[in-house]
Amino acid sequence: MSGPMRPVSDPESSLVGHFWRAAREGRLEFQHCAACGYLRWPPAVLCPECLAPGGAWIEVDGLGAIWSFAIYEQVYHEAFRGEVPYNVALVELEAGPRLITNIVGLPNEQLQIGLRVRPIFEALGPDLTLVRFRPSPGS
Ligand code: ZN
């Protein structure tokens, strides 16, 4: 890739790093609170629901639906100049967490709130795999 680097989360960060390592291997994982069962995103040292510490990472299938979205027409970062207009969506997983992501495989004009989607894992390089979503008819 040439030009400015896109800003990304640090895959080696101790807290969110687990999410990115799992994504590199094609899995969607979140922290699960053993005390109250809450599935946590973003990751945290304490459960935001019951304040219990810890939380083991568990895999979810990632099926969900578009909860909201916006189309970006403005270049807010040079790394995205070639991509406008692009969508940024909030996807609510059946498992609970809501992820900020992009929808692929569908023109922006056809995006709809409530559209069923499933994750795809898109490697941008050896260290970073983005989790994006595509329409999942019939799921
Ligand atoms: Zn909890």
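**Zinc site**

The model is a predicted one, in which local features need pLDDT of at least 70 and side-chain atom pairs count only at pLDDT 80 or more, while totals for chains, interfaces and linings use all residues. Residues are numbered from 1 along each chain as its sequence is written, and side-chain values use heavy atoms, with hydrogens and water left out.

I then asked which atoms coordinate the zinc ion. They are the SG atoms of C33, C36, C47 and C50, at 2.2 to 2.4 Å; donors here are N, O and S atoms within 2.8 Å of the metal (3.2 Å for Na, K and Ca), and since water is not among the atoms, sites may look incomplete. I noted the sequence spacing of these donor residues as C-x2-C-x10-C-x2-C. C33 sits in the loop between β1 (28–32) and β2, and C47 in the loop between β2 and β3, so that this pair, 14 residues apart, links distant parts of the chain; strands are DSSP runs (E, at least two residues), numbered from the N terminus.

Why does the arrangement around the zinc ion count as tetrahedral? The four donor atoms subtend angles of 102 to 114 degrees, and four donors count as tetrahedral if all angles lie between 85 and 135 degrees. For reference, the ideal angle for four tetrahedral donors is 109.5 degrees.

**Surface patch**

I next looked up the nonpolar patch on the surface, which L15, V45, L46 and L51 form with about 370 Å² of accessible area together. Patches are made of residues with over 30% relative accessible area and no salt bridge, like charges being joined within 9 Å and nonpolar side chains (Val, Leu, Ile, Met, Phe, Trp, Tyr) within 5 Å; the areas come from the Shrake-Rupley method with a 1.4 Å probe, and for residues only the protein chains shown count as cover. L51 lies in the loop between β2 (39–40) and β3 (56–60), and I recorded L51 as exposed because its relative accessibility is 58%.

**Salt bridges**

I found that the structure holds six salt bridges, each being a side-chain nitrogen of Lys or Arg within 4 Å of a carboxyl oxygen of Asp or Glu.

Among them is the one between R132 and E122, whose closest N and O atoms are 2.6 Å apart. R132 lies in strand β8 (residues 129–135) and E122 in strand β7 (residues 116–123), so the pair ties together parts that are ten residues apart in sequence.

Salt bridges that share partners join E25, R27 and E29 into one network, and within it the side chains of R27 and E25 meet at 2.8 Å, N to O. R27 is partly exposed at 26% relative accessibility, and E25 is exposed at 57%.

**Strand pairing**

I checked how strand β4 (residues 64–72) pairs, and found eight bridges joining it to strand β5 (residues 86–93), the two running antiparallel; strands pair if DSSP finds at least two bridges between them. β4 also pairs with β7 in the antiparallel sense, over two bridges. G64 takes part in both pairings, standing opposite L93 in β5 and having V117 as its bridge partner in β7.

Methods:
Helices (H or I, at least four residues) and strands (E, at least two) are DSSP runs, numbered from the N terminus. Buried means under 20% relative accessible area, exposed over 50%, partly exposed in between (1.4 Å probe, protein chains only). Four donors count as tetrahedral if all angles lie between 85 and 135 degrees; four count as square planar and six as octahedral if opposite donors are over 155 degrees apart and all others between 65 and 115; anything else is irregular.
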